[in-house]
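Here's a quick briefing for anyone meeting this structure for the first time. Have a look at it below, and then we'll go through the main points.

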There are 2 protein chains.
Amino acid sequence: MRISSRFTIAIHIFACIDTFGDTCKVTSDFLAGSTNVNPVIIRKILGQLKKAGLIEVARGTGGTTVAKPLGEISFLDVYHAVECVGKGDLFHFHENPNTNCPVGRNIHHILDDRLLQVQNAMEEELASITLADLKKDTEKYLDENNL
Amino acid sequence: MRISSRFTIAIHIFACIDTFGDTCKVTSDFLAGSTNVNPVIIRKILGQLKKAGLIEVARGTGGTTVAKPLGEISFLDVYHAVECVGKGDLFHFHENPNTNCPVGRNIHHILDDRLLQVQNAMEEELASITLADLKKDTEKYLDENNL
DNA sequence: ATAAGATGTAATAATGATAGTTACATCAAA
DNA sequence: TTTGATGTAACTATCATTATTACATCTTAT
């Protein structure tokens, strides 16, 4: 199972706001054009990012802006905004192990700590990367390739 | 998106083989009973674990055994056996960003490194845990709870 | 040999999440 | 009040997971 494309779309959205926000009004249609994703999907993701306090969306007049400095928005913030994976919920457990079996009775409790350990490692890595880091990556890449 | 229950089922299977392997023949029906998962699903997972060289399954006569010492089987080995997530493939990218847009044209290349960094962090954590560790966890748990 | 018990696997269905699409109510500003 | 945008409901298509039935195949014991 892979993590849904909502995450990479969301990152793409931030990159667009940062790149075009000064010169254009960044609307859901504009973002749909850049990502090549349906505008309704974009609006749904914008709604999730807005709910998480990461962006502001202008009702009526239209257009999206970033709500905080890029250095204060981590990949984890974005991930949590668009992907609803609760604590200890990254791994899907088989629902009803047999409680009459000594293994079935205890496996969930014993394994949960280890699964959480893995999820935490992943989330800590997501937390360590900010949108400002990605912006630096971008500038470096464009510079190195004379773009 | 969550990681499929095949992983926790596979771990459960190893726990059963370790617990019951000496006294019973561990068949797919036996495992289906302990996990409360359909026998055909169990056989499919057994096939994946077998293909990865982690277990041996006796054709005809039936029964499953572990192919290596538990300390030499990591969570990552099990994960890779049952979950086919290739390198840089944990995050699902939106397929066709607009190449006429400077953001759309470069986002994939720039983001890929960071996504791989996150995937690697997760896989390294999975690699750091062995089935022997889990066995120790289990013994500790049973001991502490007088089971 | 063959019967018994197990694995391997094809085929089908149910379920749930993702993603696309149409349609429309709502909103803010010109 | 018109215009252009957001917010959302409703419906669909697609895909992965999981369950289930059915059966060919294999190994051992009788």
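**How the two chains meet**

Chain B and chain A share 22 residue pairs in polar contact, counting pairs with both residues at pLDDT 80 or more. Keep in mind that this is a predicted model. There are also 4 salt bridges between chain B and chain A, and 23 residues surround DNA strand C.

**Who supplies the contact**

- On chain B, helix H1 (6-20), helix H2 (28-35), helix H5 (102-127) and helix H6 (131-144) each bring at least two residues to the side that touches chain A.
- H5(B) gives the most to that side, with 16 residues.
- Sorted by type, the residues on the side of chain B that touches chain A come to 31 nonpolar, 19 polar and 7 charged.
- The contact draws 57 residues from chain B and 57 residues from chain A.

**Area and salt bridges**

- About 5,200 Å² is buried between chain B and chain A, and carbon and sulfur atoms give 68% of that.
- In chain B, B:Met1, B:Arg2 and B:His94 lose the most area to chain A, and together they make up 15% of what that side buries.
- B:Arg2 turns up again in a salt bridge with A:Asp89, where the closest N and O atoms are 3.7 Å apart.

**Around DNA strand C**

- Of the 23 residues surrounding DNA strand C, the closest are A:Ser5, A:Asn38, B:Ser28, B:Lys50 and B:Gly60.
- Sugar and phosphate make up 61% of the atoms of DNA strand C that come within 4 Å of the protein.
- A:Asn38 has a side-chain N or O atom 3.4 Å from a phosphate oxygen of DNA strand C.
- Bases are involved too: a polar side-chain atom of B:Arg59 sits 3.0 Å from a base oxygen, and a polar backbone atom of B:Gly60 is 2.8 Å from a base nitrogen.
- Helix H3 (39-51) of chain A and helix H3 (39-51) of chain B are the elements that give two or more residues to the surface near DNA strand C.
- H3(B) has the largest share of that surface, 3 residues.
- By type, the residues of the surface near DNA strand C are 6 nonpolar, 11 polar and 6 charged.

Note on methods. Residues numbered from 1 in each chain as written. Chains lettered and ligands numbered in written order. Predicted model: local features only at pLDDT ≥ 70, side-chain atom pairs only at ≥ 80, totals over all residues. Heavy atoms only, no water. Near = heavy atom within 4 Å. Polar contact = N/O pair within 3.5 Å; in protein donor to acceptor, adjacent residues only side chain to side chain. Helix = DSSP H or I, 4+ residues; strand = E, 2+ residues; numbered from the N terminus. Nonpolar A, V, L, I, M, F, W, Y, C, P; charged D, E, K, R; others polar. Contact = heavy atoms within 4.5 Å. Buried area = accessible area lost by both parts, 1.4 Å probe. Salt bridge = Lys/Arg side-chain N within 4 Å of Asp/Glu carboxyl O.
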